[in-house]
Amino acid sequence: MALVIGGVEFTSRLIVGTGKYKTNQVMIDAIRASEAEMVTVAVRRVDLDRTKEEAILHHLSPSEFFLLANTAGCYTADDAVRYARLARAAGFNEFVKLEVIGDEATLLPDVAATLVAARTLSSEGFKVMAYTNDDLVTALRLEDAGCVAVMPLASPIGSGLGVVNPYFIREIKRRLDVPVIVDAGVGTASDACVTMEQGVDGVLMNTALAAADDPVRMAHAMRHAVVAGRLAYLAGRMPAREIAVPSSPTRGMLD
Amino acid sequence: MRLTEETMRIRLNGKEREVQGGHTVRSLLDALELQPGMVVVELNRDILERDRYADVPVHEGDSIELVHFVGGG
């Protein structure tokens, strides 16, 4: 079954970033290998000295991928709203990955500012996908604010620590009606699989691919892991128990 | 609009810059060899729609931000 975010249907449950790749060719190869349809981009000043060709649209076709602009790097609601408006003016879609950082060391979100920005942007017709921490109440408030998806972190951005609090992720998924996408913290394929096994609708990652020794191979692994985790969730796992139970019949043994 | 001999000072992407007088936003982008479809222009904190680039003059003291999409997560 497809994932629907803000009225747009996606086959893939994996969303990937475009930052920090060693070369643009590796980036595009990895993104294609991931089979992600939605990819995130950042809004920045044009480098007028042109030391390098940095415009992502020279490498990434908007007809091949659904561009999700982020407000990464913003520390206030006002800044995030400004960046979102600039992104929308680029003319691709109304979606924005809202991110308001509250702490430089951990890059944890400022949830109060995120809520303020989410309300403003939603009222302006944006389809807001909000990056947040793994706090249920904040997630509920973001849904109330009109966000089309709520995106709790697995662990801090770029940390690769995997899901540090699967219980809270499950609880957020249980309580929200809008899609829940786990954004940030996935380090390797097993993390992506465990994330999807919590029942969430999707996972967003960047560094796990970009910083792998072989990003293209890791992208293949992540694609499989996300599908595997989703299938395992839908299949319904057996109960875990701390005793052994034999798989073969205990009757019919020879004397 | 026609470019003049005189120059004017504007603030472009946070830096003071001297440009020829008589520019429109469109001619300024051309002078910077930027494709209008690849950038978003913010003029004195207001976003400028693309179809207005050729009509909007650049004035002495204007603050202009030229942004685009780059790689990010």
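Biologist: How many helices and strands does chain A have?

Modeller: Chain A has eight helices and 10 strands. Please keep in mind that this is a predicted model.

Biologist: What makes the radius of gyration of chain A agree with a compact globule?

Modeller: For 255 residues, the globule rule gives a radius of gyration near 18 Å, and chain A has 20 Å, so the two agree. The C-alpha trace of chain A spans about 85 × 40 × 35 Å along its principal axes. Buried residues make up 47% of chain A. Of the contacts in chain A with a separation of 6 or more, 63% are between residues 24 or more positions apart.

Biologist: And what about chain B: which elements does it have, and in what order do they run?

Modeller: Chain B has one helix and five strands, in the order β-β-α-β-β-β from the N terminus on. Its 73 residues would give a compact globule a radius of gyration near 11 Å; chain B has 12 Å, so here too the value agrees. The C-alpha trace of chain B spans about 45 × 25 × 20 Å along its principal axes. In chain B, 27% of the residues are buried, and residues 24 or more positions apart account for 47% of the contacts with a separation of 6 or more.

Biologist: Back to chain A. Why is Met27(A) called buried?

Modeller: A residue needs 20 or more other C-beta atoms within 10 Å to be called buried. Met27(A) has 26, so it is buried. Met27(A) lies in helix H1 of chain A.

Biologist: Which residues does Met27(A) touch, leaving out those up to four places away in sequence?

Modeller: Met27(A) touches Thr18(A), Tyr21(A) and His59(A), and from the other chain Gly71(B). There is also Ala210(A), 183 residues from Met27(A) in sequence, with a C-alpha to C-alpha distance of 7.4 Å.

Biologist: Why is Glu35(A) called partly exposed?

Modeller: Partly exposed lies between the two cut-offs, 12 or fewer neighbours for exposed and 20 or more for buried. Glu35(A) has 16 C-beta neighbours inside 10 Å, so it counts as partly exposed. Glu35(A) sits in the loop between helix H1 (24-34) and E4 of chain A, and its phi is near 60 degrees, a positive value in a residue other than glycine.

Biologist: And what makes Leu107(A) partly exposed?

Modeller: With 17 other C-beta atoms within 10 Å, Leu107(A) is partly exposed because that count falls between the cut-offs. Its place is in the loop between strand E6 (95-98) and helix H3 (111-123) of chain A. Leu107(A), a residue other than glycine, has a positive phi near 55 degrees.

Biologist: How do you know that the span of helix H2 of chain A is close to the expected one?

Modeller: The expected span is 1.5 Å times one less than the number of residues. H2(A), residues 77-89, has 13 residues; the expected value is 18 Å, and the helix reaches 18 Å from its first C-alpha to its last. Among the buried residues of H2(A) are Ala80(A), Tyr83(A), Leu86(A) and Arg88(A). H2(A) is followed by Gly91(A), which has a positive phi near 95 degrees.

Biologist: How do you know that E1(B) and E2(B) pair?

Modeller: Pairing asks for at least two bridges. Strand E1 (residues 7-12) and strand E2 (residues 15-20) of chain B have six, in the antiparallel sense. In E2(B), Val19(B) is the bridge partner of Met8(B). The two strands form a hairpin with two residues between them, and Asn13(B) in the turn has a positive phi of about 45 degrees.

Biologist: Which strands pair between the two chains?

Modeller: Strand E4 (residues 38-45) of chain A pairs with E5(B) over five bridges in the antiparallel sense. Gly71(B) in E5(B) is the bridge partner of Val41(A); Gly71(B) is also touched by Met27(A).

Biologist: How many residues of each chain are in contact with the other chain?

Modeller: In chain B, 18 residues are in contact with 27 residues of chain A. Strand E3 (40-43) and strand E5 (63-71) of chain B each supply at least two residues of the side that touches chain A. E5(B) gives the most, with seven residues. By class, that side of chain B has 11 nonpolar, five polar and two charged residues.

Notes: Residues are numbered from 1 along each chain as its sequence is written. Chains are lettered from A and ligands numbered from 1 in the order in which they are written. This is a predicted model: local features need pLDDT of at least 70, side-chain atom pairs count only at pLDDT 80 or more; totals for chains, interfaces and linings use all residues. Helices (H or I, at least four residues) and strands (E, at least two) are DSSP runs, numbered from the N terminus. The radius of gyration is taken over C-alpha atoms; the globule rule is 2.2 Å times the number of residues to the power 0.38. Two residues are in contact if their C-beta atoms, placed from the backbone, lie within 7 Å. Ala, Val, Leu, Ile, Met, Phe, Trp, Tyr, Cys and Pro count as nonpolar, Asp, Glu, Lys and Arg as charged, and the others, Gly among them, as polar.
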